[in-house]
Amino acid sequence: MEQFIGFMFLRICIVLVLLALAIILFDIFKKGSATINWEFLSAMPRKGMTEGGIFPAIIGTFFVTIITALLSIPLGMGCAIYLNEYAKKGKLTRLIRMSIRNLSGVPSIVYGLFGVVLFVQMFQLDTSILSAGLTLGLMTLPWTITASEEALKNVPQSYRDGSLALGATKWQSIRTNVLPHAIPGMLTGAILGLSRAAGETAPILFTGAAFYLPFLPKSFSDQFMALPYHLYIMSTQHHAIEKVRPIAYGTALVLIVLIFCMNLVAIITRYKLRKVRME
Amino acid sequence: MERHLDEELSKLKTNLLKMATLVEEAIHKSIDALKKRDKDLANKVIEEDQRIDELEIEIEEEIIELLALFQPMAIDLRFITTGMHINAELERIADLTVNISQRVLEVADQPLLKPLIDIPKLASQAKTMVHNSIDSFVKRDEDMAKKVILSDNESNKLRTLIIKELINDYMVKDGTTAPRAVPLLLVARDLERICDHASAIAEDVIYMIQAKMVKHHRERLQKE
Amino acid sequence: MNVLLKDEELKSTEFTENNIKVCVEDFNFYYDTVQALKEINLKIRENTVVGIIGPSGCGKSTFLRCFNRMNDTISNIRYEGNIAIDGNNIFDKDLDVVDLRKNVGMVFQKSNPFPKSIFENVAYGLKINGIKDKGFITERVEKSLKDSALWEEVKDRLHKSAFALSGGQQQRLCIARALAIEPEVLLLDEPASALDPIATAKIEELIHELKKKYTIVIVTHNMQQAARVSDYTAFFMLGELIEFDVTNKIFTNPSNKITEDYVTGRFG
């Protein structure tokens, strides 16, 4: 009986969560799918964003994410490799690791403000794709590092020992025998981090995202439109909120699908690499 | 730590003691039959040998099982292999008592050649040696085992004495005594062989205790 | 010195100076503040197999991992005393640990082939040592696989993944991998503990063959295995070397009461 009550409680929990998710997705799909067509995806916004499409926002998000990836993936993996393979296991390492974990809990707006000071002002990159991408990159780093370290930890010590015992140097052993096993996990973590970054508004708010730009950025030092920020404007800042509501729903749907796709890529990457390894 | 093997080992020990008791009885009875010229008793010894043979096989199978199932090491291994040897030695001793009993059947209907003095002496020596060798195994008493081995010399001397006397004093002087003298001669030889088997048991006991082979190297024993 | 020692020679623990391969003197080992090995003194003779037995946590694996300094990968370790291979102290400051490990091969408890083909696994040690001559590599791979009694089973699928091999084959592949760089000493850390009896028997046969060319130290949980494969046996307990003697002696008549209790299964 007690067991039955326990099961029921747990079942209700999961049903509630799924229900909430389903309602949100259903609502967005229902209202958003009406707006979406080829023009919506490929045209510039017109007439104070009350008409036209969201093409520049999609492109902007795409390029910002590339910058984010270029910063956070190599840097994150490098940090993780150092921390897990080379750093001595002492108090300092523990402190560093703890700080990294804490950083991933810092509110994203704080990263945004930090980005303004560091990239926009100090490095004089102005408000641009570069500044925004780097800011998002910084924000994603703790995630990437933590996920990569977990992936490295999951490689059994015996694999390292195997090559060290054959007279391999530490780096030879990591490169040929540890990374091949860790990379799927590392990439998955990195892509999940990126998908989170792609959906962020606050860090790009002050560092590069533009309110309304009916043209595409010409270089990485231009301002840009981004999907999450566009959605934010459409649903709270626009002068004719009621009128643009369908556009807001359309944008939300595109953003969700985009992030879903990225996660899918992460899952497929992991699956494929793992399969290659096992063969 | 109490082991399952310990239980099996004490079972083996009990069986070996049972075997030893039967064999000691057989020695006693066969000599008794000779002294009393008792054909019935001699026949009984011959009959009872079958029981000893069966027990020997039973113990041997038990030992093979122990070796196969437990793969014993060190003292356990030495105990079990020693048990195996003792088992075989005891069975041979039993066969010798059958031989003696057959000699009794041959001489029982004839008058005694001479009063038996030295043969009962050798017989009691054989009995003591067998008893002590088994005792040294049970008590793991190295000194007792050594004494058994060293006393084997006396039995050799006694046998030689008996045989010489039978040949020189009877058979050489009067050839017709031969049918009565030869069985006694053979009994003396068999009794001495029992003593040899007893000292073989004692040698195994020393191996069990010390893991030192004194077999064919009695000098190793003397040195100490 | 590729000559098998005669049984008579094996019976003696009196070593002459020129047949000692490894010499351990007053060796202490600490993990942080915990002393894992206490005052170990031991000599290992060339072309023999030394079995190391003892209850879990007795320090036998730690000891094995000292010979190729695999313990160096753990932080906060400390050692005192000497281990010399061919008279050279392996803790010498001028000694490159990478060179040491080329000379002292190791096979681990869990077979750990690399995520590569069978061929690449065996060639790995050669390639990281900068050998590029393809003919030489091919030749050496074949030789190592033959020496580890795996050649016949894998010669038709050298370029298939090593993961496709069975557990026992994987472990022999790991041995082949170690042999490829031609070490002089071979360390085996419970090499058959995860294998079925037939695969185990193959490994044991292999060890018997290998001692013609190598000096072998094997850690094993399985006493019967130590009895079967080793010429000398060392019994460790609580970080101490309790008894070291000819294998036959250890298993029929150990000198020490603790050794006897252990080999007869009275504790542990």
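I began with B:Val23, which, leaving aside its neighbours within four places in sequence, is in contact with B:Ile52, B:Leu90, B:Ile93, B:Ala94 and B:Val130. Contact here is C-beta atoms, placed from the backbone, within 7 Å.

I noted the basis of the entries: the model is predicted, local features need pLDDT of at least 70, side-chain atom pairs count only at pLDDT 80 or more, and totals for chains, interfaces and linings use all residues. Residues are numbered from 1 along each chain as its sequence is written, while chains are lettered from A and ligands numbered from 1 in the order in which they are written.

**Cores.** I found B:Val23 again, with B:Ala126 and C:Ile52, as the residues with the most contacts inside the largest nonpolar core, which has 141 residues. Such a core joins buried Ala, Val, Leu, Ile, Met, Phe, Trp, Tyr and Cys residues through C-beta atoms within 7 Å; buried means 20 or more other C-beta atoms within 10 Å of the residue's own, against 12 or fewer for exposed and partly exposed in between, with C-beta atoms placed from the backbone. Helix H6 (residues 178-210) of chain B gives the most to this core, 16 residues. Helices are DSSP runs of H or I of at least four residues, and strands runs of E of at least two, numbered from the N terminus.

**Helix H1 of chain B.** Just after H1(B), B:Arg37 takes a positive phi of about 50°.

**Helix packing in chain A.** I looked up H3 (residues 55-86) and H6 (residues 129-153) of chain A, which pack at about 35° with axes 6 Å apart. Axes are lines fitted to C-alpha atoms, for helices over the stretch in contact, and angles run from 0 to 180 degrees between N-to-C directions.

**Chain contacts.** I then compared the two pairs of chains in contact: chains A and C share the most contacts. In that pair, 23 residues of chain C are in contact with 20 residues of chain A. Helix H3 (97-103), strand S6 (104-107), helix H4 (118-128) and helix H7 (167-180) of chain C each supply at least two residues of the side that touches chain A. No contact joins chains A and B, whose closest C-alpha atoms lie 33 Å apart.
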